[in-house]
Amino acid sequence: MKRLAIFLGVLISLFCVLCLSVPSSAATKDVYVMDLEKWNIDGNPLNNAEGISNALKWASDEGYTTIKFPQQEYVISEKTFISIKDINNMTIDLNGATLKLNPNALLSSKIIHMQRCENVNLINGTVAGDINEHDYTNPATTEQNIAILIEESVTDCSFKGLTIKDSTGWGVTTGKGKEFHESRAGTMVSQQNLASGGYDLEKGTPIEESTKIRTIKALSVADFESAFKGNYFIFAYDLGYMNNPYLSTREFDALFYDKDGNFIEAAKDQLMYKKTTIPAGAASVHFVIHQANLPTGGDPDFDKAVAFLTYYEQPSGLIFEDCTFDNNKSLAMAICGGESFIIRNNTFTNTGGLSPAHAIDIEDGWEFTSDIEISNNTFNNNIGDLVVCSGDKITVRNNSFAGNVSINGRATRYAVENNTFYPNSKSGVLGISFDYRTDTSIQGNTYYNRNLLVKNLGGKNVIPAMGTELSWKNETFINSGILSMSDVVELKDSSFSLENGHTDAIWLAGTIRNSTIDIGSAVLRGTKIYDSTIHLSGNANCQEHVYPEANVNTQEVAFYGSTITNGSISTLNCRALTFKDCHLTDTRISTSKWAEKVDLLLENNQIDLSESANKPAIELSAGKIETFKLYNNTVNNQTNKPTILLADTNYTEASGGNIYFKGNQFSQENHPYIFDGNNITSGLLYFTGVHPDKKNTIDGDQKLLHPQYEDNEHFIILEPYDGTETTDTTDSTSSTNESSSTEESSSSTEESSTTEETSSSTEESSSTEETSSSTEESSSTEESTSSTEESSSTEESSSSTDESSTTEETSSSTEESSSTEESTSSTEESSSTEESTSSTEESSSTIEKPISSTTNSSSSTGSSTSSTEESSTTEDSTSSTEESSTTEDSTSSTEEKSSTEESSSSTKESSSTGNSMSSKRESSSQSIKYQTKNVFGPSNDRRYSSYSEKEKLPKTGETVDYRFVCLGFVLLVGSIGMMNKKKVHSKE
């Protein structure tokens with residue numbers, strides 16, 4: 001027993017010794033504290049750099065997972081550097097130490113150089129340059145002095161808790177790495193090695209294909225297989241500034257063959273500058289390039305090569321986190337190559353003094369740089385915060401910026417989201433610019449006292465496989481605006497507001513939709529605003545938008561479907577100002593006497609002036625009117641001012657401008673005249689709108705025009721009305737027959753001079769949704785004739801009364817009757833998006849006079865003529881219209897019923913496209929529904945650019961022929977009876 005007890009005691013002792021010794025041994029192997037004496041790190045800058053490099057390599061080879069520096073400052077010679085090379089799976093803990101560059105006068109140096117490392121983490125220390133001690137005697141740039149240089153095959157490494165500061169050049173730099181080829185021989189796809197056609201992607205054999213080109217001779221991939229174990233290659237032009245200069249596409253197919261030439265497989269729809277995987281056993285490759293034309297040139301130094309078969313061992317999978325970049329002279333971080341980087345939770349401050357003077361610059365890696373995330377960083381007191389010259393899939397998210405931010409159009413598929421942009425008074429801070437050509441997202445950002453430029457490159461820069469759409473929405477602009485944007489760009493669902501007593505004008509350019517704008521004064525540069533709420537406390541000047549770099553030259557400012565409150569909107573150097581389907585409250589619109597001549601259009605708006613507004617709705621300068629059209633607006637003016645004020649007649653002399661009023665309803669109690677102001681004593685101004693045909697109605701005893709404009713040789717009233725004209729109460733027809741004991745039937749002609757603009761539109765509106773149609777035409781010398789033929793080499797004519805085309809027959813029948821209803825005909829231009837409407841306004845060089853209601857109108861494929869035979873006022877008068885086209889006739893007939901019958905009207909219109917619709921004006925512009933449609937623009941004169949606009953939803957519907965309904969009902973009852981009869985026979 002004694003021996004057994006001794007034996008057990010020895011075993012227990014050995015077990016305890018082993019248990020206690022294992023942890024101690026493992027801890028020693030995990031962390032190595034650098035022995036300064038062993039590695040001759042004695043304060044000499046040369047010895048320090050060499051000793052630290054050797055210690056790092058030894059610790060890695062020995063299997064240590066962490067090497068820790070004693071906490072002190074280590075001066076590193078400018079003639080050498082710390083090499084972190086061929087080291088894997090190790091943490092380098094500076095432990096609060098500082099690695100400082102020895103002061104020098106060199107133009108190129110580095111403190112740390114990393115190559116061929118995997119899973120290395122550099123943490124907890126400072127890497128500092130010599131910005132305050134540097135010898136700047138040499139005037140050349142010092143940007144090549146770098147604190148940390150990261151080059152080929154540095155993979156999955158991280159940099160955390162570092163301070164990188166005081167570099168005379170760049171703080172951190174990543175390169176695209178070293179190309180593995182020793183020479184480019186055998187890797188070139190030259191111009192001579194290309195032919196029209198393709199390869200069968202399933203068989204690998206040549207085929208004819210007119211939209212593609214192919215290599216004639218295959219290229220070897222054997223060295224790729226030996227160097228990279230057959231993983232992948234990159235097919236691209238990689239010299240100079242890259243950007244694929246000799247080919248018009250980046251898309252291609254790669255077909256692989258074995259050493260005997262047997263087809264293996266095809267890699268379809270590949271992209272240049274991206275990795276293409278090489279299948280096992282592949283020895284050669286053919287390319288099919290997705291462009292129709294053969295290249296016209298190539299690199300003269302490389303046998304006219306248009307692309308190369310290559311690969312760079314660029315850094316990948318790097319993380320920069322919780323670091324501080326401070327006082328770096330040129331750049332805090334220069335990303336000159338690499339992929340899959342994360343830059344987050346860092347602080348970038350005080351960068352500048354030497355070009356490019358940005359915190360982060362993504363540039364020299366060009367198209368090889370991809371998948372870079374920049375998130376949750378703070379940028380402060382830099383001249384420039386971020387410039388992106390190139391790269392694919394750059395994500396900029398949740399950062400705080402205060403300097404310049406610029407993304408060039410060579411960058412593809414990037415996103416700028418949920419960032420905050422603050423002001424910066426530092427000299428050289430300009431603004432924010434985003435150029436794009438592929439799918440891009442800009443949304444959720446907030447801007448304080450900053451202005452933006454957004455440009456679409458388009459054209460030859462488009463890469464179809466990368467898309468072309470910009471999503472720009474949900475932005476917040478505080479004391480901020482948009483200096484310029486391309487025509488195809490649209491901002492949606494955003495807000496503009498002021499804070500802290502900001503008084504500077506807010507600049508707005510381009511197209512804005514569904515947004516809220518609450519600002520003081522503004523400069524509107526070719527701005528088109530849709531479906532937005534606008535509150536102005538100052539004046540908005542309307543200007544042209546000229547942006548040569550983006551091929552923008554827009555002369556119009558326009559508002560559609562928007563609510564506008566307070567302030568004033570005036571023309572400056574725009575040529576057109578448009579308001580359609582808007583609600584304007586206490587807002588003044590003016591044509592400035594210092595402005596260019598303008599086409600002013602207000603259509604389908606609700607215009608309200610409260611008593612406190614104390615200003616007219618519209619203020620005109622006689623010499624600055626090209627055309628002023630007031631169509632189908634409802635005006636409620638409670639001020640003691642006229643609705644329209646002719647404010648200036650002397651500073652700028654009237655020069656033949658045209659004013660048209662039609663279909664407006666005025667309520668104005670406190671001023672006797674709707675149109676009033678200064679008398680006009682020189683020049684010429686033409687006015688159309690006093691005739692009842694124009695359907696301008698006034699609630700009260702107010703007059704449309706001040707008497708000073710009547711019988712005025714300088715204010716020409718076209719289609720005057722002296723009150724002696726009577727309305728025929730017998731049966732009469734023009735294009736429709738209308739009957740009622742009190743019914744008025746009128747057709748009118750609206751004419752203008754000098755510009756001879758002819759358009760035709762049909763509006764249907766009445767309290768019982770009656771439909772009437774009329775034609776307004778003009779002639780320079782004819783009066784009240786039974787037929788009118790329109791022809792002019794300079795006039796445009798469009799008609800939407802009854803029309804005929806090559807393949808369709810259009811008929812219109814109207815049955816109207818009521819003892820109190822009035823069937824009228826009016827003509828109006830359509831709303832903001834559908835300009836295919838019917839009212840005819842024509843001009844001539846002489847004063848025009850009313851013309852009868854007979855019209856000859858023609859469409860793109862046919863013509864229609866109408867002749868009217870009218871009897872005296874005591875006899876029934878009938879009109880028959882014969883319309884002819886290439887293959888079909890269009891007829892129109894009217895049946896009139898008694899005064900107790902309902903009056904209904906249906907009009908079918910047929911055009912060359914075979915579309916048929918009937919539209920009716922809404923009683924309130926705010927109830928109009930919209931849909932998006934690609935149209936040429938909201939006016940027939942096509943002065944608008946082509947882009948996605950809003951269009952009034954048509955109310956379609958045709959009158960029901962109840963004879964067919966009855967016939968269908970009889971057939972249905974008969975069918976049911978036959979079925980029941982069969983069932984009875986079946987039971988029997």
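**Figure 1. Surroundings of His290 in the predicted model.** His290 touches Thr211, Lys212, Thr249, Glu251, Phe252, Asp253 and Asp269, where residues up to four places away in sequence are not counted and where contact means heavy atoms within 4.5 Å. His290 is found in the loop between β23 and β24 (305-310); helices (H or I, at least four residues) and strands (E, at least two) are DSSP runs, numbered from the N terminus. With a relative accessible area of 18%, His290 is buried, a term that stands for under 20% relative accessible area, while exposed stands for over 50% and partly exposed for what lies in between (1.4 Å probe, protein chains only). The side chain of His290 makes a polar contact with the side chain of Asp253, at 2.9 Å; a polar contact is a pair of N or O atoms within 3.5 Å, of which, within protein, one must be able to donate a hydrogen and the other to accept it, and residues adjacent in sequence count only if both atoms are side-chain atoms. Residues are numbered from 1 along each chain as its sequence is written, and side-chain values use heavy atoms, with hydrogens and water left out. The model is predicted, and local features therefore need pLDDT of at least 70, side-chain atom pairs count only at pLDDT 80 or more, and totals for chains, interfaces and linings use all residues.

**Figure 2. Asn145 in strand β9.** Asn145 is found in strand β9, which covers residues 144-150, and Asn145 counts as buried because its relative accessibility is 2%. The side chain of Asn145 makes a polar contact with the side chain of Ser109, at 2.7 Å. Leaving aside neighbours within four places in sequence, Asn145 is in contact with Ser109 and several other residues, including Leu106, Leu107, His134, Thr168 and Trp170.

Figure 3. Asn376 has its place in the loop between β31 (370-375) and β32 (378-380), and with a relative accessible area of 39% Asn376 is partly exposed. Beyond its neighbours within four places in sequence, Asn376 is in contact with Asn345, Asn346, Arg397, Asn398 and Asn399. The C-alpha atoms of Asn376 and Asn346 are separated by 7.4 Å, although these residues are 30 residues apart along the chain. Gly281 lies in the loop between β22 (275-277) and β23 (284-289), and Gly281 is likewise partly exposed, with a relative accessible area of 42%. Between the C-alpha atoms of Gly281 and Ala222, which are 59 residues apart along the chain, the separation is 9.1 Å.

**Figure 4. Helix α2 and its packing.** Helix α2 has 17 residues and reaches 25 Å from its first C-alpha to its last, close to the 24 Å expected at 1.5 Å a residue, where the expected span is 1.5 Å times one less than the number of residues. Asn44 caps the N-terminal end of α2, with a side-chain oxygen that lies 2.8 Å from the backbone nitrogen of Leu46, and α2 is followed by Gly63, whose phi is positive, near 90°. Among the buried residues of α2 are Asn48, Ile52, Ala55, Leu56 and Ala59. The buried residues of α2 pack against β1 (31-33), β2 (66-68), β3 (73-76), β4 (82-85), β5 (88-93) and β6 (98-101).

**Figure 5. The nonpolar cores.** A nonpolar core is a set of buried Ala, Val, Leu, Ile, Met, Phe, Trp, Tyr and Cys residues joined through side-chain atoms within 4.5 Å. Of the 135 residues in the largest nonpolar core, Met34, Ile360, Phe434, Trp472, Phe559 and Phe628 touch the most other members. Helix α2 (residues 45-61) gives the most to this core, with five residues. A second, separate core of 36 residues includes Tyr273, Val306, Val387 and Cys389.

**Figure 6. Strand β49 between its partners.** Strand β49 (residues 516-519) has a covered face, made by Ile517 and Ile519, and an uncovered one, made by Thr516 and Asp518. Two bridges join strand β47 (residues 495-497) to β49, and these strands run parallel; strands pair if DSSP finds at least two bridges between them. Thr516 in β49 is the bridge partner of Ser495. Four bridges join β49 to strand β51 (residues 533-536), again in parallel, and Ile517 stands opposite Ile534 in β51.
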